[in-house]
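Please open the model in your viewer and keep a selection tool at hand.

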Amino acid sequence: MQGSEEKEINVVDPTNEGKGGFRATMFIFALLTFESMGFVANMVSLVQYFLMVLHFDLQTAANTLTNFLGSAFLLSLLGGFLSDTYINRLTTCLIFGVLEVLALVIVTVQAYSHDLLPKADCPKDCVRGRIAFVFYTSLYLLAIGSGGVRGALPALGADQFNQKDPKEAKALATFFNCLLLSVVIGAAVGVTMIVWVAVNKAWYWGFFISALATAVGFIVFALGKPFYRLHVPGQSPLLRIIQVIVVAVKNRGLALPDTPNELYELSDKYYMDSIDSKITHTNQLRCLDKASILPKDVEPQPWKVCSVTQVEEVKIITRMLPIFISTIIMNTCLAQLQTFSVEQGNTQIMDKSLGHLQFPAPSIPVIPLVFMAFLIPLYEFVFVPFARKITHHPSGITQLQRVGVGLVLSAVSMAVAGLVEVKRRHQATKHPDEPMSLFWLSFQYGIFGIADMFTLVGLLEFFYKEAPVGMRSLSTSFTWLSLSFGYYLSSIFVNVINKITRKVSPSKKGWVEGLIPEDLNYNNLNLFYWFLAILSLLNFFHYLYWASWYKYKTEESIVKLDDGGGGEREREEGVPILREEERSGGDIKCHHSEEKEDAPIFHEEEERSEIDLKGRQSEEKEVKN
């Protein structure tokens, strides 16, 4: 059974040696650049496509886009779960990438075919029957494809840096900044070139370029396979979480031991031969510690006891949840910049000219994207080294501090958006012959772009570094899940606020409703922006509480011990150790360390300190599974 144990423990692909690093991530950055061209271009322009081509009203167009984006980011959980459990992250990205390209092809065909589009004189409810089937099939196939890719890709990129190597671990923050820079560069091309082609030439040409760019991105990404470090999927992270909860409930009547050293933990040999790290016990959420109590005369089995490390994994995920929830409001604000802010620019009173060129309203986000393209290298090469000297933190500031800065700036962005809308509406109603420049909208976009630079990278790095090894794809998907909930919440806010304000406003109209962009001149979009600004400010204080409460993961240090071969291996202090003293008969004796009197115990009976090889190996294998 010795061989089977080694196979169970060795969850790293043995062919990974010499791979990884920035050489491997270059292929990932290329994919992100090409894929972001089409995805971000569609994010900012689809609402106009819905209004002008499919004849949706303003509210339906905004809600359709936010529901689509919400579904896309929600489905990142599917990609994260599959890549942690069943198929490796590279394969996951390629499978979902094929679906994404296929969806863009269908969107292109529909935009090209007059038979699959509503008649130009259709007044309302134009998307029905075959048109509706093709439209919603392509839209949600695109959501599945793009969401699945996002669930696995950031973790695949971060896997190229070994967290147990100090030099490579330090490079992880740089990787996430480069990841965002790749997205920004691709998005900048998308919201200028692709959006301009779609709006001024033909929508199907814009979708075709998006499909082509995405396909090229995945081809380049696949070519990088020889350079990637690939982690073999392990036990289902959801199953490990459920095991802890079930065992803790079963043991709810047991008293916790006086010291955490008496809780059950796997041997050092397991952790020395595995990529898994032993996680230090924490005193938060102690009710879950009951899952690590091994009653007298009970054999260690997965549904009877969980190791301290497994319990701590569940504690980490639980502590992450309030942080995750605190970022949802920010992404609700982001949804407004991709819907109502675009429609602000589409009104007749906004001057869209840039010299002799007519600048499409959906291309306004290029302004913050250009800022971010300069700010990200500045942050990485100037701010981080400067802050590192002061804080002595490898990333300059902690991930949670970075997220907090972004949350504050998102509130400022919504406040500024409200002020700009007041000026725009005043100009439209009082001085319609004096057009207001479209570039006034760049203030709200620019501030939010900087906020996104702080928060998105901070969350990705936070969820990856804090997550257990077997849950990293699922954990980084929390970043996209926050986006998903933010978009869904935007739809709810729009519907609820319109319903309430229709009843209380003298005009009997909702704050944000209408059939055409010009209806914005007679509603109260500014009040909706300020409502989100106040909500964002309150949410920041909510975030501060949970960020202060959060305890970062720490891994137990390893000390040296004799490995029987003249050399030394590492072990964690105060944990029962396995010493291979009798190989000939296939027996191994388990001795408690004599260095510490409070060494962790598995059983109260002293005579059970020795177990045979098969029993010990099967116990560890079952707990691992």
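What follows is a tour in which each stop names a selection and then describes what is there.

This is a predicted model, in which local features need pLDDT of at least 70 and side-chain atom pairs count only at pLDDT 80 or more, while totals for chains, interfaces and linings use all residues. Residues are numbered from 1 along each chain as its sequence is written, and side-chain values use heavy atoms, with hydrogens and water left out.

**The whole chain**

Begin with the protein chain coloured by secondary structure, which comes to 19 helices and eight strands; these are DSSP runs numbered from the N terminus, helices being H or I with at least four residues and strands being E with at least two. Of its 625 residues, 56% count as buried, where buried means under 20% relative accessible area, exposed over 50% and partly exposed in between, with a 1.4 Å probe and protein chains only. Among contacts in the protein chain with a separation of 6 or more, 79% come from residues 24 or more positions apart, contact meaning heavy atoms within 4.5 Å.

**Helix 11 against helix 17**

Next select helix 11 (residues 308-326) together with helix 17 (residues 472-504), whose axes come within 11 Å and cross at roughly 30°. The axes are lines fitted to C-alpha atoms, for helices over the stretch in contact, and the angles run from 0 to 180 degrees between N-to-C directions. Helix 11 is therefore roughly parallel to helix 17, a term for angles under 35 degrees, as roughly antiparallel is for those over 145, roughly perpendicular for 65 to 115 and oblique for the rest. To see the contact, show Ile317, Met320 and Phe324 of helix 11 with Ser475, Phe478, Leu481, Ser482 and Phe485 of helix 17. By class, this contact has six nonpolar, two polar and no charged residues; Ala, Val, Leu, Ile, Met, Phe, Trp, Tyr, Cys and Pro count as nonpolar, Asp, Glu, Lys and Arg as charged, and the others, Gly among them, as polar.

**Salt bridges**

Now turn to the salt bridges, of which the structure holds nine, each a side-chain nitrogen of Lys or Arg within 4 Å of a carboxyl oxygen of Asp or Glu. Select glutamate 312 and lysine 315, whose closest N and O atoms are 3.1 Å apart; both residues are buried.

In helix 16 (residues 442-466), lysine 465 and glutamate 461 lie four residues apart, which separates them by about one helical turn, and their side chains meet in a salt bridge (3.9 Å, N to O). Lysine 465 counts as partly exposed at 26% relative accessibility, whereas glutamate 461 is buried at 2%.

Finish with arginine 89 and aspartate 159, a salt bridge whose closest N and O atoms are 2.1 Å apart. The pair links distant parts of the chain, 70 residues apart, with arginine 89 in helix 5 (residues 89-112) and aspartate 159 in the loop between helix 6 (129-158) and helix 7 (166-200). Arginine 89 is buried, with a relative accessible area of 7%, and aspartate 159 also counts as buried, at 4%.
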